[in-house]
Amino acid sequence: MIFIIHSVLKARGQVLGEDGVRVHSMVLPGLPSSTTVYFSRPGEVYSVKHDITDVQSLMPGLILAIRKVVNLKNLVYGLEKFL
């Protein structure tokens, strides 16, 4: 069983702004964001936690994705396909 918990409560499919843009998640400057993934079996829980304290840490991946997406002809799922 896998659970993914986001500490940023605003978003997760929420419609934001006057244009009605649906946002899954967001990281705001000055606010930490964490994701914890739990793997469990009866009698045990293994968790991996990832904290983001500066939105700048996301920029290299975002820039890479923007540069690659202009040449795509099909849907690609996952940034790892570009690395």
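**Exercise 1. Fold pattern**

Which pattern does the protein chain follow when read along the sequence?

Solution. This is a predicted model: local features need pLDDT of at least 70, side-chain atom pairs count only at pLDDT 80 or more, and totals for chains, interfaces and linings use all residues. Residues are numbered from 1 along each chain as its sequence is written, and side-chain values use heavy atoms, with hydrogens and water left out.

Step 1: count the elements. The protein chain holds 1 helix and 5 strands. Both are DSSP runs numbered from the N terminus: helices are H or I with at least four residues, strands are E with at least two.

Step 2: The pattern reads β-β-β-β-β-α.

**Exercise 2. Chain totals**

State how much of the protein chain is buried, and describe its surface and contacts.

Solution. Step 1: burial. Buried means under 20% relative accessible area, exposed means over 50%, and partly exposed lies in between (1.4 Å probe, protein chains only). By that rule, 8% of the 83 residues are buried.

Step 1: surface. The accessible surface is about 7200 Å², and carbon and sulfur atoms supply 60% of that area. The areas come from the Shrake-Rupley method with a 1.4 Å probe; for residues, only the protein chains shown count as cover.

Step 2: contacts. A contact means heavy atoms within 4.5 Å. Take the contacts with a separation of 6 or more: 32% of them join residues 24 or more positions apart.

**Exercise 3. Charged pairs**

How many salt bridges does a search of the whole structure find?

Solution. Step 1: apply the rule. A salt bridge needs a side-chain nitrogen of Lys or Arg within 4 Å of a carboxyl oxygen of Asp or Glu. The search gives 2.

Step 1: name them. Arg41 pairs with Glu44 at 3.8 Å, N to O. Lys49 pairs with Asp51, with the closest N and O atoms 3.8 Å apart.

Step 2: Arg41 is exposed at 61% relative accessible area, while Glu44 is partly exposed at 45%. Lys49 is exposed at 56%, while Asp51 is partly exposed at 46%.

**Exercise 4. A serine in a strand**

Is Ser34 buried or exposed?

Solution. Step 1: locate Ser34. This residue sits in strand 4, residues 33–41.

Step 1: classify. Ser34 is buried, because its relative accessibility is 15%.

**Exercise 5. Aromatic rings**

Solution. Step 1: set the rule. Rings of Phe, Tyr and Trp (its six-membered ring) pair if their centres lie within 6.5 Å; planes under 30 degrees apart are stacked, over 60 edge-to-face, and the rest tilted.

Step 1: count. The ring centres of Phe39 and Tyr46 are 6.2 Å apart and their planes stand at 40°, so the pair is tilted.

Step 2: Phe39 is partly exposed at 37% relative accessibility. Tyr46 is exposed at 53%.
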